[in-house]
Amino acid sequence: MKQEPERKDVASKHREVYIKTAPLLVGLMHDFLFKEIYSFLISKDKDEKTLLQIGPGSAMLPFSKYPEKVSKMLGEKGKIVLLDYSDKNIEAAIRYLLEKDFFKKSGLKLNSVELVTNPKSLEARTITFVQGDIREPLPFENNSFDCIDITLVGHHVTPFLSDLDRLTSDLHRVLVKRGMIHYGEGSVYMDSESRINILGSDTADFFNDAVLFVDERDEEFKRYGLFQKGVKNAKFPEKKNPSIGNIELFLDKEGNVTLSANSDEEASKYIKFLKTKGRKHLDQIENIVLFPLIDEENKFDKIYFIDPIWSFYGNLFHKIQRSFQNDTSFRNEAVKVVKEEFYNAKRGLVEFYKSIKVISRSMKASRFKDIKRKMHKKSGHKKSQFGSIVAIK
Ligand SMILES: C[S@@+](CC[C@H](N)C(=O)[O-])C[C@H]1O[C@@H](n2cnc3c(N)ncnc32)[C@H](O)[C@@H]1O
């Protein structure tokens, strides 16, 4: 297996916390998705049923909870393929399944890690891990799977709406006709793209020239957008560096933007201009201007970006605080982890949740049919943080 760098997402950095808090935070969504997939596969009158789970994490939830049912829904010749980019999560998931006696209980065989382009080539009643990265096209042939689960994964790779459209269209491609997909996510729109668009087009206006925006938040997968003067939205992301002109905005992995002006004076003028746009945190070192993409003191950023994110994570905090009252050391650790995720999200980093509404719109554009949305909340609770989309090709 290819050794991948340790990732910044919580499920990869804090595996134990994720596994222990998952029933509390996303248990309803897991129950729902399992029920949907189980009923769908059971109803299929077909020998060779194939399920793809994208991003199984370190515990293959929720499937690992139900070995007997998984065995039954797959039938005589079914197969499961699990795609994840993290070698560490794949190893952890295999360890977890072995610890839970999953293979014995389900009667399914572990195929370990392989390169699979078509599940038809696999032995019947096997579970196969594939190491792959969904920032790239899915490594499977068209019409490969009867069912796909992608839960709490897509948001890591969709900072831009065009990333989401590319992903949903690729999911559509690898699903068989009349196959079913479950797409589960947190339902909050972390829209750093609109902040980038405003900054890029304002900057092009100020310099009266085209501006190249270089998004280096994900160092392994840089994105570029070109802002022409007078154009409000750049085409994002252009994968290759469009290599133009002088003016470049760089967004780094801490969520900070830098721009090198042609002179110290020009940098000062640019700062004054950004102040007129409501930005407060601005630094200058000679001709270099440095500021955060999301400015906590900018009224607009606060209301439209930070407050909804706070409301999302605030709810998670409360749930953890209430549920782990008697296990203070775990509670403190879990709160620390959620805070870390919140801290990233409010700077426009790592977590790029799109709301369930936005995802279903993208799935519709990618030609999915019978799209059903379901928000998950306990009765008596006002808000639901997580939601599911179930759709058919
Ligand atoms: C939060 S876990 C989700 C686990 C499980 N689906 C669930 O519902 O509990 C996210 C998983 O997605 C994987 N992942 C994140 N980005 C990925 C990418 N670009 N390609 C493939 N897998 C990715 C992570 O390694 C991790 O295993």
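Okay, let's start with helix 8, residues 264-276: it has 13 residues and reaches 19 Å from its first C-alpha to its last, close to the 18 Å expected at 1.5 Å a residue. That expected span is 1.5 Å times one less than the number of residues, and helices here are DSSP runs of H or I, at least four residues, while strands are E runs of at least two, numbered from the N terminus.

Quick caveat: this is a predicted model, where local features need pLDDT of at least 70, side-chain atom pairs count only at pLDDT 80 or more, and totals for chains, interfaces and linings use all residues. Numbering runs from 1 along each chain as its sequence is written.

Back to helix 8. Ala267, Tyr270 and Leu274 are buried there, and buried means 20 or more other C-beta atoms within 10 Å of the residue's own, with 12 or fewer being exposed, anything in between partly exposed, and C-beta atoms placed from the backbone. Those three cover an arc of only 60° around the axis, so they sit on the same side of helix 8; the arc is taken from the directions from the helix axis to the C-beta atoms. On the other side, Glu265, Lys272, Lys275 and Thr276 are exposed.

What do the buried residues of helix 8 pack against? Helix 7 (192-207), plus strands 11 (256-260), 12 (283-285) and 13 (288-292). Contact here means C-beta atoms, placed from the backbone, within 7 Å. After the helix comes glycine 278, with a positive phi near 95°.

Next, a helix pair. Helix 9 (299-323) and helix 10 (328-346) pack at about 170°, axes 10 Å apart. That makes helix 9 roughly antiparallel to helix 10, a label for angles over 145 degrees. Axes are lines fitted to C-alpha atoms over the stretch in contact, and angles run from 0 to 180 degrees between N-to-C directions. The contact includes Ile306, Tyr313 and Phe317 of helix 9, and Val335, Val338 and Phe342 of helix 10.

Most residues other than glycine have a negative phi, and most peptide bonds are trans. Leucine 61 and proline 62, though, are joined by a cis bond, omega about 0°, and proline 62 is in the loop between strand 1 (50-54) and helix 3 (67-74). Arginine 178 has a positive phi, near 65°; this residue is in strand 6 (175-186) and counts as exposed, with 11 C-beta neighbours inside 10 Å.

Last one: lysine 378 and leucine 28 are 350 residues apart in sequence, yet 8.1 Å apart in space, C-alpha to C-alpha.

How values were computed. Contact = placed C-beta atoms within 7 Å. Parallel < 35°, antiparallel > 145°, perpendicular 65-115°, else oblique.
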